[in-house]
Every structure is written in structure tokens, then in C-alpha cells.
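Colleague: I'd like to learn how to read a few features of this model. Could you walk me through them?

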Amino acid sequence: MLPCVCWFQPILILLSSVLWTRGENCPATCLCPDPHTVDCSGRGLTRLPDEIPLDVRRLLLADNWIPRIPSDFLVLYSDLVYLDLRNNSLSHIEPGTLSTSSRLVFLDLGSNNLTEIPKGTFGESRSLIKLRLGNNPYLSMVSEDAFLGLTSLRELELERNALSTLKVGALSQLPSLRVVRLEGNPWVCNCNFANLFAWLMENSHKLPNGVQGMECSLPMDGRRVSLTQLSKDSFRECQATLTLTDLLIIIFSGISVSVVAIMTSFFLASTVHCFQRWSKGTKGDEEESEE
């Protein structure tokens, strides 16, 4: 009997592996290669699968047609650390949807149809280390506070989107940032780009290829130039450009100074006038005393 058992052992192992891969805890049409991984990549899904195990740690949903993520989808998956949603049809991520994933380390939203990344999209996912947002051809706006609270983020990918400008605050508030990809965007070399250019030159070591592969369009004729051809002097005229806020501050300051000057002059004039009247009164009293 012992030789038979040895002969059946490989078959039993294979059968148990197949049963787990397509077991009762695994969503239909998906694969589960290990107890904490659900692989639904390339299954033609038009919505998120049902019956995902609550203890899933790696959820692979790439190469499908999923258009949205319900705002409460990740509430139950507190152990999730790896979420791959690249190459789907996502056009919008509701603020707070990803904030419940306190252990999420890797998030891939690349190659979708996202148009903007507003404030609060990621909540304060302090465990997030790598975030992929590249290859979203309609992504033209990233809020200055879009990544607020991502204190552990080391790698940020924003390449090949539709960004023409980006507030420096979106990057400077990431204390752990080591790698950032920004190439392939239609940057415009205007005054709005000046601060970002200065940041890129100071942090070129965080760009995989430096500024070598980055270009921007000249505002006058739209001609594309490499950032290596530019310097801080290229934006010298921007230093003298005043924003509406600056103008309002100057105007308000001027009005305030004028009001203070008028009140001071009035006070001094009143003081002088009172002093003169007092002096005349005192002199009159002295003359009457002499008579």
C-alpha cells in the first residue's frame, strides 16, 4: 500500500492546488494562487467582482473595463496592501474612497481615463509607498493638496498625462519622496511653470532621467523645447509679474497707509490747535493779572 500512497501524493497535491485556485472563497472567473491573493486580471470585467475574501492582501484587477469604484468598497478589506487597477475605464475616484485602506502600500491607477486628482482622493493613506497615476490621457488637473498626508510615499508616477502645469506644493509636501516621473506631459513654459521648473532643477536626482526627457511649449509660438535648454533666467520676467492677490494687497496697503496718515495729520492738527488756544488763554490770564 505504501507505494500506492507515494504514487498518489503528487496527484493529491495538484488537485488541492486546483481546488484552492478555484475554491469556494475565490470569485468566479478569478484565480487565487495563494490564500491572500485574488487575481482577476484580463477577465473582461465591467464591475468589481463579488465575494472577494475579506482577508485579501493582493487584489489584481488590471486589464478590465471597470468604470468606477464604490466609495465603500474598501471598508471591509482592512488587510489590503496591494491594489492593481491599471488599464481599466476609471474616470473619477470619489474623495475618501481610498482613505479607509490604512495598510495599502501599492496602488496602480495608471492607464485609465482619470481627468483630475482632487483634494482628499487618497485621504491620509500614511502606509502608501508607491502610487502610479501615469498614462491617463485626460488627466489635466492635480490639486495642490491631492497627496496631503501621504507621508510614506516614495514613488509617484505622473508621466504621459495631460498636465500643462502643477503646483509645487503637491510635491514639496511629500517628505519621503524619492522618485517622481513627470515626463511626457504637455508642460507650458509660462510663469505658472516657473516654480515647478525651479523645483525640478533642485530635485533632478529624483527624476529617473533627470530633466533630459522633459519638454515644455513656449507660450509665444508653441514650440517644444527641452528643459535642459532653460535656466532660471528664462523666467526672469515672471519675477516682476504681479498676481491679482498681489495687486489687491498693494491697493489695500496703500489705502490703509493713507487712512493712517490722514488720521495722524488730523490728530496733530487738533493737538496744535488746542495748544495754541491754551497758550492764548494763559497769556490773556497773565495780562489781566498784571493790570
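Predicted model: local features only at pLDDT ≥ 70, side-chain atom pairs only at ≥ 80, totals over all residues.

Colleague: Which residue in strand 13 is the bridge partner of Trp187?

Modeller: Residues are numbered from 1 along each chain as its sequence is written, and side-chain values use heavy atoms, without hydrogens and water. Strands of a sheet pair through backbone hydrogen bonds, either parallel or antiparallel. Here, the partner of Trp187 is Cys216. Strands are DSSP runs of E with at least two residues, and helices are runs of H or I with at least four, numbered from the N terminus.

Colleague: How many bridges join strand 11 to strand 13?

Modeller: Two, and the strands run parallel; pairing requires at least two DSSP bridges. The open sheet has the order 11-13-14, with mixed pairing. Strand 11 (187-188) and strand 14 (224-226) are at the edges with a single partner strand each, so one side of each has no neighbour in the sheet.

Colleague: Which residues have the most contacts inside the largest nonpolar core?

Modeller: A nonpolar core joins buried Ala, Val, Leu, Ile, Met, Phe, Trp, Tyr and Cys residues through side-chain atoms within 4.5 Å; buried means under 20% relative accessible area, exposed over 50%, and partly exposed in between (1.4 Å probe, protein chains only). The largest has 64 residues, and Leu109, Phe122, Leu131, Leu133, Phe147, Leu156 and Leu200 have the most contacts inside it. Helix 3 gives the most to this core, with six residues.

Colleague: Where is Val75?

Modeller: Val75 sits in the loop between strand 3 (58-60) and strand 4 (82-84). Its relative accessibility is 46%, so Val75 counts as partly exposed.
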